[in-house]
Amino acid sequence: MEAAFTILSLLVIVAAWRVVTTQNVVRAALALVVVLAGMAPLFIMLAAEFVAVIQVLVYVGAVVVLFLFGIMLTRSPTDVPEDPDNRRRWPGLIVAVGLFGALWFSLTDAFGNTSVDPKRVSDTADVGSNLLRENVIAFEAVSVLLLAALIGAIVLARQD
Amino acid sequence: MSCGVDGSMTRHPWVIPLTAALASVVILFFGTRLPKRGAELGIASMAMGVALSAWLAVEWITGSGVPAVNQHVWFRYGDVNVDAGTLVDGLTVMMLVLVTVISLLVQIYSTNYMKNDRRYTHFFAILTLFTAAMEWLVMSANTLQMVFGWEVMGLCSFLLIGHWWEEKSNVHAAMKAFLTTRASDMGLVVGVIVLFFAAGQSFDVVELNTLALADGIPHGLLLAGAVALFVAVVGKSAQFPLHTWLPDAMAGPTPMSALIHAATMVVAGVFLLARLFPVFAQAFSIGDIGNDLGGLNPIAVIGSITIVIAALLAFVQHDIKKVLSYSTVSQLGYMVMAFGVGAWTAGAFHLFTHAFLKALLFLGAGSVSHVVHGFDLERDMGGLRKSMPVTHVTFAIGSAALIGIIPLSGFWSKEQITAQAGANGYVLFQVVALVGTFLTAGYMTRCYYLMFWGKHRGSSHPHESPLTITLPCVALAVATLLIGFLEAPALGIGLFSEWVAPAYLPAAEIGDRSTIDLVFVTELLIAAAGVGLAACALTKGFGPRSLAQRSAPARAMYGLLSNRYYLDWLYDRLVVNGIRRGLSWIVHWVDHNLIDNLVDLVGRSAVGTGVLVNRWFDTGVVDRVVNGTGGIAHRSGSALGHVQSGKVQRYAGVMLGTVTFVAVLLTAMR
Amino acid sequence: MLLVQYLGLAAVLFCLGVYGVIARKNGVMILMSVELLLNAVNLNLIAFGAAYDTAVGQVFALFVIAIAAVEVGVGLAIVLLIYRNRSTVDFDQIDELRG
């Protein structure tokens, strides 16, 4: 279990690092695929199989495809690999590191001793019933949101 | 026969004004689009009003005779609940029947009379609204509601008098009417408030009356309240000295005059007297209730003065409507005087009969004027009895009733007043009433003669008016013939007093005479004498003008009358000019000499100081500071301006950075 | 397995995402960084859900996924429009809001 976690986390971190540092946009997109796909086993390890499957289906399957289309449609024809970063590299680094520090210290302080039961059995039925009972309004709202986004995206992007 | 439970109409009489009010609103907004331009809706609502009032009347007559009060809390303040509700008793029922029937007939009449009028729909809307307000007034259970109905009626009257506001004189008449009644309405408001506090913080009519009867209200306050209310009565019911507005109000359309200035609105004051009679009786010591039979009181005095002066004025009018309006003032004087001598039933009965016959007379006059295209008695009319038979007969019936010829209604009611005055010991007023009868006979005969006899002096070709005009006249004539018999003690009939008189009236006030006595006969004789004398004067040419030619005192009298006792002149000179010239002159002098000079002085010193300040402080110090500040602002602005680079990412970065900073801080601070 | 291990991983991912949002020029890459942020949050939610034995964590993670999909769709549409109008997706050059 621990081993699996370590490998996966390393993979994910490296891939994420590539996403934010690589010059080539397409490479960044592919690295993103690795990140997203790597998250799925992590979810399974946390006994959230349903979410893991959805993650693969939606994120890896749809969102990444969208990204690739987006990249394809917005590539400048000269395809000069320009500096993908702007002048804010160092401030960004500082902010990121600072934030990480704050988060790490707070988290370890608060949750240092909590553990997750590795043999935990998940209950997708629970998820389903929660979704359709306690949080049914949010559920419906998200449906409407999806519809709105669908229409919105079409309206925005169509050429007429 | 008495019922255990109040009838359904008795519990909800407010439906009657509600239908009228709703109809009025609909006519106002949509009337022009309806096929008959709103008139059909008005007539329908009036007809409904008649039906509902009749139903209410039946319920009342067959009921227990106990006044039914239905109230709900309207609003509260502190500990006091102010209710809103309806009071149904004999008086309410009588007034409702009167108002609805006459309103209906007037509206039917108006469909023809106002046929091509420029504001036909508006006329009907306001007429309907007026009826709603009057209905509301008569069923009010407390004085505060009454004020509401009273004021709305005043508004409708103003709107209708000024119906043809394109002519300036109509506007002036409307303003005069409105302002005079408004001034007197102050009395109403003051009276209502005084009585509210005097009666232990209650607006309720029944409560006020009961308290007054039981001597529960301190006399000083009661008197103050009653005086204030009486001022309102004087204004609204055109008594001396506030009667000047009514003849001018004839500038409005005739059907409106028939309804408002003859039958309904002007009797609102009399209605107030009737409704709150115990208050007035106790305050002014009237009749049996006030334990003072035969004494003088302001109500009777003003009423009697009004009878005589208005009747005299009616003699010298050239315009038929003016004659009728002065006649109305005079008859209102009768009603007021009746209440002033404690003759409640007589006064109320006279109100009832007079409404019908005066409306009849006005409608008849309208019918004639419509045909001869004018209102002038001497110039436009004459000899119409052959060419306008129906109008002639109905008008004759109305005149006879007004004069007081048996067996018409006017006779019974006027005779009642006269008799009751005597019975209660008010001999002086009895005499005045008889004088009034004589005068009434005189001017009405003159009027009737000039209209229908002799040669036709106008230039038109008279013919009878169409059915929509003559039918209401006929209906009213029939009513005039019949309703007198509701209360004819000599014939042993006392239906009116049985149905309408309130329970608190002692038997004496109700009028309990069943014999033909001296008063009865005298009344008749005097009326006959008046008619006879007038007829002679007219046919033999002794009219007021020819009399004036032959004798100086008569001429002076004629002059006095023609100028309406110079009352208008007096009001204009004293009140209006006094204020305009005297007061404003003083104010102007003060303003110009004192205040202006003061202001100038202040101005000059201000200028001097200002110059000094400007020279060394303003330029030296302030300017430098301001310029410096400006420079700083400019420079810091351009420096800070770089923040708004327009680059969204930078904004995001800044936000995240700030959040991080705060997070770090918080973590470190732990 | 300690909860904090997962949380730490999520924190790393989050901070990488933050860096990407601040420092990247290309609009599409900014959106990708946002995806990183959202994923980190998802991991957090599910980890907590597992630690405290509640289904709510997963439920909210599902919502986040749905909304992230929405956001990517609309966001890319906007980036597309910007590209069409300005022939560039360099966000440094898009400063119309300059005050």
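**Entry 1: helix H12 of chain B**

I count a residue as buried if 20 or more other C-beta atoms lie within 10 Å of its own. The model is a predicted one. With that cut-off I looked up helix H12 of chain B, residues 267–275. How many of its residues are buried? I found nine of its nine, and the helix is mostly covered.

I wrote down which ones they are.

**Entry 2: chain C by itself**

Next I turned to chain C. I found three helices and zero strands there. Along the sequence I read the pattern α-α-α. Chain C has 99 residues, and 63% of them are buried. I also checked its contacts with a separation of 6 or more. Of these, 46% come from residues 24 or more positions apart.

**Entry 3: where chain C touches chain A**

Then I looked at chain C against chain A. I noted 57 residues of chain C in contact with 73 residues of chain A. Which helices supply the touching side of chain C? H1 (3–23), H2 (27–51) and H3 (56–86) each give at least two residues. The largest share comes from H3(C), with 21 residues.

Last, I sorted the residues on this side of chain C by kind. I got 45 nonpolar, eight polar and four charged.

Terms used. Residues numbered from 1 in each chain as written. Chains lettered and ligands numbered in written order. Predicted model: local features only at pLDDT ≥ 70, side-chain atom pairs only at ≥ 80, totals over all residues. Contact = placed C-beta atoms within 7 Å. Helix = DSSP H or I, 4+ residues; strand = E, 2+ residues; numbered from the N terminus. Nonpolar A, V, L, I, M, F, W, Y, C, P; charged D, E, K, R; others polar. Buried ≥ 20, exposed ≤ 12 C-beta atoms within 10 Å, placed from the backbone.
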